[in-house]
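User: I am new to this structure. Please walk me through it in short steps.

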Amino acid sequence: MDILDIRGVKISGIVACLPERVVENRADCEDLFPEDALNNIIKATGINKRYVVNRGTTSLDLSIQAASHLLEKTKTKAEDIGATICVTFTPDNIMPSDAPLAQTRLGIPKDSMGFDIGMACSGYGYGLYIASTIVRGLNKKVLLLDGDTQSAYVSKTDKSTVPVMSDVGTATLLEPSDDKNRWKFSFYTDGSGREVLKIPAGGAKHPTQIDDLDYREYDDGSKRREVDIYMDGFEVYKFVAQDASKFIDRFMEELDLTPDQIHAFIPHQANMYMIKQLGKKLKFDDDKVWKSGDEFGNPGSASIPLTIAYNANKHFTNSGEIESLISGFGAGLSISVAKINISRDGFYNIIQKEGN
Amino acid sequence: MREFIEFIAKILGMEVEDLSQDTEYESIPQWDSLMHLVLVAEIEDKYHVEIPIDEVPNIKTLGNFYGYIMR
């Protein structure tokens, strides 16, 4: 296992911007499942409601709004930012990438980097690592936007994705720091599992054809198009339950980290049951496992910054630092895990885009 | 076993007669991946057992679930 080391970087703040619309699962899924089954599913996944965009709004809009708020509240001048990075698998367009629009709308200087990282649920760890290396390289602040408009690719008649998937946009500001904190990162990749979570059509391998827009019915009664997200829930669960739990465990072992040294375990909010069981397997007390999925659903890789923004202000330790273990896992198949610090002097907040 | 099957039948919304300890995951439309999680959560709740997360994907039949209750 390779462990990557980062020092001299800190998080100045994280803001998440929720989309306009709240959807209650009980109402939204009533045609998909019999009533008893739906009650059981909501109980087991722990996801009662989800936030989704109105048509025309994208996660990039939300991330930019989150970033404006973050820059304002941390009194950060746009001209002090050296790079804009967007983590997303649902960019506004296939070309160009999202980051240049964010750079322009936020007034970040033109002589700066702007690029996307095309990752799904493991993406935040990638974004944080790459952004941190750029903070070190430039000795400047870096803006990391993470968000997805999953609802644009979720079939409303697909049983495995509708009850869990949501949208959000987030902004994380990183800056150089002379404190002694060291962050550690590790990554895991297994492309042999790429078929279990994917959007079949719309890429260069399978450009969208007219019949890809027809709904097809599958054995479980789900109906979706080739341009919608397909998830083999069982195989994804197996990957998290077996590969991810082992990988995170090994990471802790390599670093001689015990659960009592960690204040917060912040996993990707796949669903509440999986998070609870993963925390248990890794021997974290349940109150150390930070959650947000019960409130906001599973919005993809941005579930981690959303969860930090949602929990940070409630959980500061006496020293003012929250020693945190974050881990994202999902499509690829892919895992990221990191030990980072969340500081008390950072700014953390959740806002919501107006409109219904 | 009968009581266990009755409990499962109620969750799946099926008749007891249509289930047995040999009923397999995905052999019936009612038992899909989401329902698999539901079954784990409900069984853990009712029988006060813990099924470790890494063992959940190895459970293929209702008999496998029953094995956790009997431990």
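**Chain A, step by step**

Analyst: Buried residues, those under 20% relative accessible area with a 1.4 Å probe and protein chains only (exposed is over 50%, partly exposed in between), make up 58% of the 356 residues in chain A. This is a predicted model, where local features need pLDDT of at least 70, side-chain atom pairs count only at pLDDT 80 or more, and totals for chains, interfaces and linings use all residues. Residues are numbered from 1 along each chain as its sequence is written, chains are lettered from A and ligands numbered from 1 in the order in which they are written, and side-chain values use heavy atoms, leaving out hydrogens and water.

User: How many helices and strands does chain A have?

Analyst: Helices (H or I, at least four residues) and strands (E, at least two) are DSSP runs, numbered from the N terminus. For chain A, the count is nine helices and 17 strands.

User: What is the radius of gyration of chain A?

Analyst: The radius is taken over C-alpha atoms, and the globule rule is 2.2 Å times the number of residues to the power 0.38. That rule gives 21 Å for 356 residues, and chain A comes close to it, so the chain is as compact as a globular protein of that length, with a radius of gyration of 19 Å.

User: What share of the contacts in chain A between residues at least 6 apart join residues at least 24 apart in sequence?

Analyst: A contact means heavy atoms within 4.5 Å. Among contacts between residues at least 6 apart in sequence, the share joining residues at least 24 apart is 79%.

User: In which sense do strands S5 and S6 of chain A pair?

Analyst: Two strands pair if DSSP finds at least two bridges between them. S5 (residues 81–87) and S6 (residues 113–117) of chain A share five bridges, and their sense is parallel.

User: Which hand does the crossover from S5(A) to S6(A) have?

Analyst: The chain passes through helix H4 (residues 99–106) of chain A on its way. With the strands pointing away from the viewer, a clockwise path from the first strand over the helix to the second counts as right-handed. This β-α-β crossover is right-handed.

User: How many disulfides does the structure hold?

Analyst: A disulfide is a pair of cysteine sulfur atoms within 2.5 Å. A:Cys29 is in none, as the nearest cysteine sulfur, that of A:Cys121, is 18 Å away. Over all chains, the number of disulfides is zero.

User: Is A:Cys29 buried or exposed?

Analyst: Its relative accessible area is 0%. A:Cys29 is therefore buried.
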